[in-house]
There are 2 protein chains.
Amino acid sequence: MSRRQISGFSNPTVKFLRSLREKKHRKAAGKFLAEGLRLLTDARESGHLPEILVMAEGREAHPLLAALEAEVVRRGGEVIETSAEILSKITGKDNPQTVCGVFAEFDTGLAALDRGAAKIWLVAQALRDPGNLGTMLRTGDGVGAGGLILIDDCADPFSAEAVRASMGAVFTQQIAQARWEEFLPWLRSGPGQLVAASLRDAVPYRGAPYAAPCFILVGNESRGLPEDYEAACDLRVTMPMKGRADSLNAAVAGAVLAYEVLASLDG
Amino acid sequence: MSRRQISGFSNPTVKFLRSLREKKHRKAAGKFLAEGLRLLTDARESGHLPEILVMAEGREAHPLLAALEAEVVRRGGEVIETSAEILSKITGKDNPQTVCGVFAEFDTGLAALDRGAAKIWLVAQALRDPGNLGTMLRTGDGVGAGGLILIDDCADPFSAEAVRASMGAVFTQQIAQARWEEFLPWLRSGPGQLVAASLRDAVPYRGAPYAAPCFILVGNESRGLPEDYEAACDLRVTMPMKGRADSLNAAVAGAVLAYEVLASLDG
């Protein structure tokens with residue numbers, strides 16, 4: 001347990017916190033940053049407590065912040081007070097929120113996922129945009145999905161942009177990263193329908209025979225899904241494209257499909 | 001008509017092109033940049049020809065590029081050849097595509113919108129994220145919307161990020177910018193149902209009584225819609241939120257709703 005004030009930009013802790021904006025440093029430390037009282041409260045209520053809590057001097061008092069601070073201290077975490085300028089350096093934002101936290105990265109792992117715990121699971125393949133990835137986490141929270149499975153080389157779900165776009169869902173959704181060669185045998189080892197939006201051999205997405213647990217597979221932003229991944233799906237569905245474009249934004253396509261599946265399985 | 005090669009970073013035309021990455025320079029010139037042969041071809045086929053076409057030296061020949069170049073020359077536009085390095089400076093991307101174009105900004109204007117031309121229109125209010133705005137344009141193309149109406153202070157639809165996220169839909173969708181005080185009287189001057197996702201006094205979004213032309217209103221990313229804007233809607237609908245979050249990403253919410261409206265009106 002410790003509490004301290006930091007006033008220097010060159011303080012090693014400040015350097016460490018700033019370094020977490022880069023993926024290689026996040027992976028080396030196994031830590032990531034999340035910002036804002038709302039996000040940190042969502043985290044706490046979902047069982048994720050920051051190891052380090054950084055608060056701006058001169059912040060307004062808030063009961064949720066006081067509760068968070070007390071719990072971090074009780075659990076042996078570190079509480080740091082610093083200037084708004086240094087907080088801005090840490091988060092890389094001109095207008096930082098008054099609090100941020102350092103969390104341990106996590107990976108639920110395929111083996112630990114309880115596929116029966118939810119009717120919907122989202123699966124992203126080689127999704128490169130952290131904003132899209134965070135948006136998928138947020139959508140997963142919306143439809144009551146169990147979590148997000150990241151296949152092949154996806155953006156980092158613990159990047160600042162993904163965490164921000166997830167609006168706290170990074171803490172409520174389970175996250176597992178796996179190669180396709182690991183994912184497919186795991187999927188086939190139990191119940192689970194694999195569904196993708198596709199132009200090949202597809203049925204209309206409205207009224208398609210969805211079944212729980214339904215795994216909704218979304219492909220890379222520019223290349224879509226590899227052909228053999230699509231072929232491995234139990235169900236290929238197509239959405240109307242009335243204009244010139246032949247596809248939707250990946251996170252949008254996943255969301256339209258997820259809400260259709262939700263209506264189908266709940267209806 | 002002119003054709004020329006530019007090899008210097010300090011060339012005034014290069015400086016002008018680079019300046020278009022900033023909003024104030026775009027507004028001063030009334031021009032914007034779009035990048036990539038796919039996008040420029042979509043633009044041409046939708047009736048938008050670049051005033052200036054910039055191509056990288058050493059690019060691969062392509063019949064669509066040759067056709068584009070010929071048409072720009074025929075219409076009295078300018079064709080510039082330059083190095084990949086300078087093209088990269090212009091677009092601000094490390095790996096620029098081999099072609100970009102300068103287009104005149106446009107605003108269809110409310111008065112010129114033919115509301116009967118489409119069953120769906122998207123309306124964004126104070127949408128601040130250019131990626132969300134471009135994604136909404138792309139979704140509009142997908143559902144066959146007539147266009148996107150931007151209410152109050154939205155992100156610039158002609159920013160590089162919005163243009164890129166629109167995947168060409170910036171050229172296929174009509175775009176009108178208006179204050180709420182202008183929009184509402186215009187809307188009420190003819191047929192049109194105004195629909196918003198809302199938590200207040202709302203009915204389930206599935207099976208709600210949508211009617212064409214249906215104007216789908218999406219609010220600001222963090223504040224949502226002002227209460228009086230919601231109150232002015234003909235229909236307030238709610239989407240299931242099964243998790244902790246109380247809202248979806250703005251572009252995602254608009255898309256889920258737009259596809260529901262499409263199914264309802266086409267079904």
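In the predicted model, A:Lys31 stands opposite A:Ala104 of strand E5 of chain A. Strand E5(A), spanning residues 99–104, runs antiparallel to E2(A), and the two are joined by 5 bridges. Both belong to an open sheet of chain A in which 5 strands follow the order E1-E4-E3-E5-E2 with mixed pairing. The edges of this sheet are formed by strand E1 (2–6) and strand E2 (31–35), each of which pairs on one side only, and the twist from one strand to the next averages 20 degrees. Helix H5 of chain A, comprising residues 84–91, lies across E1, E2, E3 (52–56), E4 (78–82) and E5 of that chain, and runs at about 130 degrees to E3(A).

Elsewhere in chain A, A:Ala160 lies in helix H7, which covers residues 160–166. Because 21 other C-beta atoms are found within 10 Å, A:Ala160 is classed as buried. Leaving aside residues up to four places away in sequence, A:Ala160 touches A:Arg21 and A:Leu33. The C-alpha atoms of A:Ala160 and A:Gly134 are 9.6 Å apart in space, with the two residues separated by 26 residues in sequence.

In chain B, the axes of helix H3 (residues 37–45) and helix H4 (residues 63–74) come within 10 Å and cross at roughly 50 degrees, and the two helices are therefore oblique to each other. The crossing of H3(B) and H4(B) is left-handed. To this contact H3(B) contributes B:Leu37, B:Leu40, B:Thr41 and B:Arg44, while H4(B) contributes B:Leu64, B:Leu65, B:Leu68 and B:Glu71; by class, the contact has 5 nonpolar, 1 polar and 2 charged residues.

Methods
Residues are numbered from 1 along each chain as its sequence is written. Chains are lettered from A and ligands numbered from 1 in the order in which they are written. This is a predicted model: local features need pLDDT of at least 70, side-chain atom pairs count only at pLDDT 80 or more; totals for chains, interfaces and linings use all residues. Axes are lines fitted to C-alpha atoms, for helices over the stretch in contact, and angles run from 0 to 180 degrees between N-to-C directions. Helices (H or I, at least four residues) and strands (E, at least two) are DSSP runs, numbered from the N terminus. Angles under 35 degrees count as roughly parallel, over 145 as roughly antiparallel, 65 to 115 as roughly perpendicular and the rest as oblique. A crossing is left-handed if the near helix is turned anticlockwise from the far one by less than a right angle, and right-handed if clockwise. Two residues are in contact if their C-beta atoms, placed from the backbone, lie within 7 Å. Ala, Val, Leu, Ile, Met, Phe, Trp, Tyr, Cys and Pro count as nonpolar, Asp, Glu, Lys and Arg as charged, and the others, Gly among them, as polar. A residue is buried if 20 or more other C-beta atoms lie within 10 Å of its own, exposed if 12 or fewer, and partly exposed in between; C-beta atoms are placed from the backbone. Two strands pair if DSSP finds at least two bridges between them.
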